[in-house]
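Let's walk through a protein model together, from its overall build down to a single residue. Have a look at the picture first, then read on.

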Amino acid sequence: MAPFNASIEIARSPEDVFAYLDDLSRHGEWQSQIREVKVETDGPTRVGSRAREKRQVPGGVREMTYEITKHDPPRRVSFRGIDGPVRVVGAVTVSPVDGGGSRVSLEIDLVGHRLGKLLVPMARSQLRKQVLLDQQRLKERLEGTGAAASV
C-alpha cells in the first residue's frame, strides 16, 4: 500500500515551523496520542537522534522508539520506528507558500514486523484519521488559535 500523504498550511515562516517540529520533546504538544516523550540523544536534532514515546493506541499505551534518518533544516526531516510490531516510516517537508507562511507536508506509512503485519491495515486506518487531527492541532498551536495555542 502507498504511503499516506497529508499537508496543511500554517501562517508562520518555514524556519519557525521547522524549529518547532525539530524539537522532539515538544511533539506531545500537538500529537494527541503522545503521553510522554523522552529524547534519548544529547544535543540538537540530527541524523541518528532518537526519541522514545509512550503513545495511546487502540489496546492501550505502547512505547515506541524512532530515529531521524535524514535531516535537512529548515526544509525536510525523515524518520523511522526501530522497535515494536508496527513501525512508522515517514518524512516531513516544510516549504514556503506564496504570500507568506508554510506548507507542512507529511508522507507516512506503517510497516509490520512479525505479527504486526496483521495489525497494519487497522493501524493505517487509525493513522489517517489521527494525522489530520494532529496537523490541525499543529496549525492551531503555531498560529496561536484554538485550544492548542500558546507556543
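Here is a short tour, starting with the whole chain and ending with one residue.

First, some ground rules. This is a predicted model, so to speak of local features needs pLDDT of at least 70, side-chain atom pairs count only at pLDDT 80 or more, and totals for chains, interfaces and linings use all residues. Residues are numbered from 1 along each chain as its sequence is written, and side-chain values use heavy atoms, with hydrogens and water left out.

The protein contains 2 helices and 7 strands, and from the N terminus the order is β-α-β-β-β-β-β-β-α. Those elements are DSSP runs numbered from the N terminus: helices are H or I with at least four residues, strands are E with at least two.

How does the radius of gyration compare with that of a compact globule? For 151 residues such a globule would come out near 15 Å, and the protein has 15 Å, which agrees. The radius is taken over C-alpha atoms, and the globule rule is 2.2 Å times the number of residues to the power 0.38. Along the principal axes, the C-alpha atoms fill a box of roughly 45 × 30 × 30 Å.

Of the 151 residues, 38% are buried, meaning under 20% relative accessible area with a 1.4 Å probe and protein chains only (exposed is over 50%, partly exposed is in between).

Now for strand S1, residues 4-10. Phe4, Ala6, Ile8 and Ile10 make up its covered face, while Asn5, Ser7 and Glu9 sit on the uncovered one. S1 pairs with strand S7 (residues 102-112) in the antiparallel sense over 7 bridges, where pairing takes at least two bridges found by DSSP. Within this pair, Ile10 stands opposite Ser102 in S7.

Helix H1 (residues 14-22) has Pro14, Val17, Phe18, Tyr20, Leu21 and Asp22 buried. Here are some of the elements that cover those residues:

| Element | Residues |
|---|---|
| Strand S4 | 60-72 |
| Strand S5 | 76-81 |
| Strand S6 | 86-96 |
| Helix H2 | 116-143 |

S1 and S7 are also included in that cover.

Last stop: Ile34, in strand S2 (residues 34-39). Is Ile34 buried or exposed? Ile34 is buried, because its relative accessible area is 8%. Leaving aside neighbours within four places in sequence, Ile34 is in contact (heavy atoms within 4.5 Å) with His27, Gly28, Glu53, Lys54 and Arg55. The C-alpha atoms of Ile34 and Glu53 are separated by 6.6 Å, although the two are 19 residues apart along the chain.
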